[in-house]
Amino acid sequence: MRATIPRVLALVVKELLALLRDPASRAVLIGPPIIQLIVFGYAATFELKHVPFVVYNQDQGQLSRKLVARFAGAPSFDLVRFVHDQRAIEQSINDKSALMAMDIGPNFSADLERGRPAHVQIVLDGRDSNTAAIAMGYVESIVARFNQAQVAQHGMRPPPAVLLDRAWFNPNLDSRWFIVPGICGILTLLVGMLTTGLSVAREREMGTFDQLLVTPMPPAEILLGKALPGFLVGTAEGTLIILMAIFWFHVPFTGSLIALYIGLLCFLFASVGIGLMISSLAVTQQQGLLGVFLFMVPAIVLSGFATPIANMPQAVQYITLLDPLRYFLIVLRGSFLEGGGIALFWPQYWPLITIGLFSMIVAGNLFRKRLA
Amino acid sequence: MSAIAVNNLRKSFGKGTSRKDALKNVRFEIAEGSMTALIGPDGAGKTTLLRLLAGILQPDAGALQVLGHALPEEALPLQAQIGYMPQRFGLYENLTVEENLTLFADLHNIPEDRRKPRFDELLTMTALGPFRARRAGKLSGGMKQKLGLACTLIHPPKVLLLDEASVGVDPISRRELWSIIHRQVIHEKVTVLLSTAYMDEAERCDHVLLLHEGEILAQGSPADLVAPMQGHSFLLQEAAMTPRALQSQVARLPDVVDTAIQGDGLRIVIKTLDPLPLPPDPAVQGQLKPVPARLEDAFVSLLFNRNPHRSIPLPPAAKAAAHDAAVVEVKSLYRYFGSFAAVKDVSFSVHKGEIFGLLGANGAGKSTTFRMLCGLLPASSGTLRVAGADLRTGEAAARARIGYVSQKFSLYGALSVQQNLSFFATVYGLHRRRKRDRIGWALEELELKDYIAVNAADLPLGYKQRLALACALMHEPSILFLDEPTSGVDPLARREFWARVNALAQGGTTCLVTTHFMEEAEYCDRLVLMSLGEVLAEGSPTEIKGRVRRADRPNPSMEDAFISLIEEHEHVSRRAS
């Protein structure tokens, strides 16, 4: 045992030196995560801004112009032009110059003046169903506000039930608050897996792995020495991204740092374990890289990063239980937005530890088998 | 008219301050229909020069003309008239021999009616006819190389550029390759420029270019190059000392340029023409007779004059123990990869303090045997003992008794010399005082001090070899495994390396070495000669050579021995079947 600690330590120091002294791997470790954080943080948003739309206004009255003005003035919509027949609507949707068309009937103002319901037709480009659905929501809320104004102005009887919405945890429903903590999880997974997934393969390629195997170090120590740098680099990188989320993207941090870091360590335990599994199978760095991405893509899709797990088919929902990112995303979002503590996250910690233990044992066995 | 003319050629690689000249002021001409050898240590710029002549690299400055075409402007019309065979020829391993030939014929637009006679001719010449339908991946190393050459000769070319076509190939295939190339020059008037690591090949060329650090150090016919060396070479025989002990004594004398063990004598090359003053020690006195100079003498002495500083490791004070205890024992060892037997019934034993060689071509099973001995690969059957333990199944601590220098000197390229040494020292359980002492020893003894902060990846090859040796010696192992430690290293570095191994063996360290250079057998106390996974012969170099001595060949070389033993072995196995 007395020999173990200095040997493992030497291997960890060597691993870190190899990572940080080599300009290429240093760049891979620092560059892409920050670029991804910026790109995702700014580009990936569920909010719609500047939806181009056209208007076919057959009505001559003032009220239709008021309604159009509300749309044209909203930050979510951009009025492209007025069109003068039905065919032009069709054309502007087809050639994608507009995502939405408003068709106001000839009696719109007149009907409203008389206190009768008036109709507006909204045509949406359904080729992009997600955007169309979100745009429809905006349309509904603008029309609802228009109705309220009409009611107030004309002293009419208000509708029987009025909806008051309040979003807890994220009062403005700012989607960046939802996405940025998620990216922390993805990038930590990526870095943790890359550092461990490629390290054995890199040594196999260089021939240094043989050199390591003929030393008195038992395989378990080599495995440990390969796993620890993943933890260190993963924690450092995770911390950097958390700091950027708080101070750059101004996502409020309401929970407990301790709870978050326990989650981070459990998550790294699982990711490093899977990275080592890939490592013990891959002979070349290319295979290792392929393995990491083969795991990463489904892990992200199944994690609930973009689409809720509850919407997935039941069978797929069971598969998500194997995805470590799923658990860590809950911890991350819970820590940032919900103010969650250790007790709240316990149901997320133990599956991560289980996945980590399992993958470490498998990696150890594969490693031994590979040598045999 | 000259087929190749090069004037003031310069080519450099890298950026900024790390930009280095790979070639500078290179100037030479090659006559049409002649054969020229390009020799020089690894990294001298041989491959760069050949690639420039093949029109695949752009020169930075200078004029290049091949067959009257100026390069790089007229590379395309030129490439139809030349054949270039790179170090690793791009055969398609999943295609058969014939399919490979067809593919290269397609690439060169050979008309259908001219293909069959050309294929037949090439297949007869390379003796690959019976293997037409075999996949290239299933051919032996020598056969692959011959197929590569056949594909290069398909159009047929007027100029042939060959980059180390025969390195690592077994001696029989090497001779065959050589006769094919030679026939191209004699019968087809092809101009050949080939780079080679073998001096005997260079000696048979019309012209030799010696390249060193990107410059042409010397050029001329082999006879011209050797002429100034005549009278400088001697053979010292019948001394009381063993040739190896003799070598460490003589090599230290100030005027000695080079020493090499040859059979039971020592070949000495000196700087001056005066008779060599031998040390007064009576054990050194023997019969000193002049011998004809070789091209290698010229090569070594040119390098020596350029860089006269040379360290000769002193033999350690402790004398070798009695050569009795077997420290490595191998009995009927087999290793299969699928149905392919990489190692067949190999047995040998190595005694303490011996230099033991495993000789053979690439693919002979040397490295596989080595990996099994070091515990990196399990044996399919047979017994292995290294220092009394099986390193694979035994305790990890048993591995502390061995040191291992792997092929290509595997080191951590991104770590500095100091960091590499420190890492291996700690991994081998060295601490504080001892660690400091050993690192100090390595920096001093292997002269790595000037490179202490340099990344291992940026070291010159000779220094990589030293660092790899230093890392393997950190814990003073009793057995040292060296896998192809001299491949690609220049002759001076090779000599230095063997002197170090010699000193280690005299200090009692057992050294196991693999090599595909037959002449390096002379450095071994005993060796096994391997071919296709089997041991052809075991014994001391003199014993093995003695087995093939005939009236018409009183002084056979190790290569002669290897070839006759393979032929004899094939004869026996054919009769047995």
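This is a predicted model: local features need pLDDT of at least 70, side-chain atom pairs count only at pLDDT 80 or more; totals for chains, interfaces and linings use all residues.

Residues are numbered from 1 along each chain as its sequence is written, with chains lettered from A and ligands numbered from 1 in the order in which they are written.

**The sheet.** Select the strands of chain B in the order S2-S1-S4-S5: that's an open, antiparallel sheet. Strands (E, at least two residues) and helices (H or I, at least four) are DSSP runs numbered from the N terminus, and two strands pair if DSSP finds at least two bridges between them. S2(B) (20–31) and S5(B) (69–71) are at the edges with a single partner strand each, so one side of each has no neighbour in the sheet. Zoom in on Arg10(B), which stands opposite Ala61(B) in S4(B).

**Helix H3(B).** Now pick residues 97–107 of chain B, where Val97(B), Asn100(B), Leu101(B) and Phe104(B) are buried (20 or more other C-beta atoms within 10 Å of their own, C-beta atoms being placed from the backbone). They sit on the same side of H3(B), because they cover an arc of only 100° around the axis, taken from the directions from the helix axis to the C-beta atoms. Just past the helix, Asn109(B) has a positive phi of about 55°.

**Where the chains meet.** Finally, select the contact: 21 residues from chain A and 26 residues from chain B (C-beta atoms, placed from the backbone, within 7 Å). On chain A's side, H1(A) gives the largest share, seven residues.

Note on methods: Two residues are in contact if their C-beta atoms, placed from the backbone, lie within 7 Å. A residue is buried if 20 or more other C-beta atoms lie within 10 Å of its own, exposed if 12 or fewer, and partly exposed in between; C-beta atoms are placed from the backbone.
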